[in-house]
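Q: I have a structure open here and would like to go through a few side chains with you. Can we start with the aromatic ones?

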Amino acid sequence: MNFALKNLLGEARIRFVWIFLGLSFTWFTCYWFSEELIFLLAKPYLTLPLDSYFVCTRLTEAFFTCVTTSSVACFYFVFPFISYQIWCFLIPSCYGERRARYNQFFYLSGFCLFLFLFITFSWVVPNVWHFLCFAGTTSTNLLMIKLQPKIFDYIMLTVRILFISSLCSQVPVIVIFLLYKGGISVKTFTKNRRYFMVSSLFTAAFFAPPDIWCQIFACLPIYLMMELTIFVALIVRVREEGCLRNICTANLVRTFRFVNISPKMRSKRVKRESPLGRFPA
C-alpha cells in the first residue's frame, strides 16, 4: 500500500476513534444528567404565571424523553469537538493563505451557531411558549380550556426551534464560502431568489410543526438570512471591484507618465528603482 495513503487512513482511524469516544462519553454523561437538561429546556414554560406542569400519557414516554434529550444535548455538546477533529484532518493539506481563510470560516461558523442558540433559547423560546400558552386558554366561563402539555411534545417542539435556529446560523457561512470559492457568484444568487424561497419553505415543512403559521415563521428567518447575506456580499463585491478599479487606474496613470518622459530620464528612473541599480558594479 502507498505510504501516503496508509498515513491518511491511519489519521482518519484516529480521528474516528476520538469522535466515537467523545460521543459515547458525552451521551452517557448527558443521560446521567437528563433530568437537569429537561428542566433547563422546560424552564421557559415553568416560569409562566400559570399552573405549569407536564403530563405523560404512555409508560415509555418519560424514558424516550430522557433518551431524546440526552441525544440532542450530546449532539450540540460534541459538535464543536467533531468540527475540530475534521478541521485537524483536513487543514494539514492546505497552504498558509488558504489555511488562514478556512480558520476564519471555522471561527465564524462557531460564533454564529452559539450566538443564534443563545438568542433563541433566551428570547425566542420563552416568547413562543408565552404566546402558545395564553392562546390555549380561555378568558370566559362559557368554555374552560386548560393547557396540560405532554413532556415529549414540549421537548420535541423546543428542539425543532433550536434546530431551525442552528440552520439559520449556518446560512451566512455557507453563502460566504460559496462566494469565496467562486462556484456561485452574487449575480447567480440574485437571479435564483425564488429557488432559495422554495428551499426555505421545504426546510420549514420538514422541521417545523404541521401548522401553516409555524412553518411561515420558521421559513422567514432562513430566507431573510439568505437575503441579508446576499446583500452584504454584494456590498463587499462592489467595494472590492472599486478598490481594484482604483489600483488599475493608478497603474495606468503611472505607466502613461513613464512612457511620456524622455529616454534619458526613463533610464535613470529604471536604474534608480531597480534593485541592481542601487549597487554599482
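Q: Is W87 buried, partly exposed or exposed?
A: W87 counts as partly exposed because its relative accessibility is 25%, where buried means under 20% relative accessible area, exposed over 50% and partly exposed in between, with a 1.4 Å probe and protein chains only. Please keep in mind that this is a predicted model, in which local features need pLDDT of at least 70, side-chain atom pairs count only at pLDDT 80 or more, and totals for chains, interfaces and linings use all residues. Residues are numbered from 1 along each chain as its sequence is written, and side-chain values use heavy atoms, with hydrogens and water left out.

Q: How many aromatic pairs are there in the whole structure?
A: The search finds 9, a pair being rings of Phe, Tyr or Trp (its six-membered ring) with centres within 6.5 Å, called stacked if the planes are under 30 degrees apart, edge-to-face if over 60 and tilted for the rest. One of them is F75 with F79, a tilted pair at 5.9 Å centre to centre and 45° between the planes.

Q: And which residues are in the ring cluster?
A: Ring pairs link Y84, W87, F106 and Y107.

Q: Why does S165 count as buried?
A: Because its relative accessibility is 7%.
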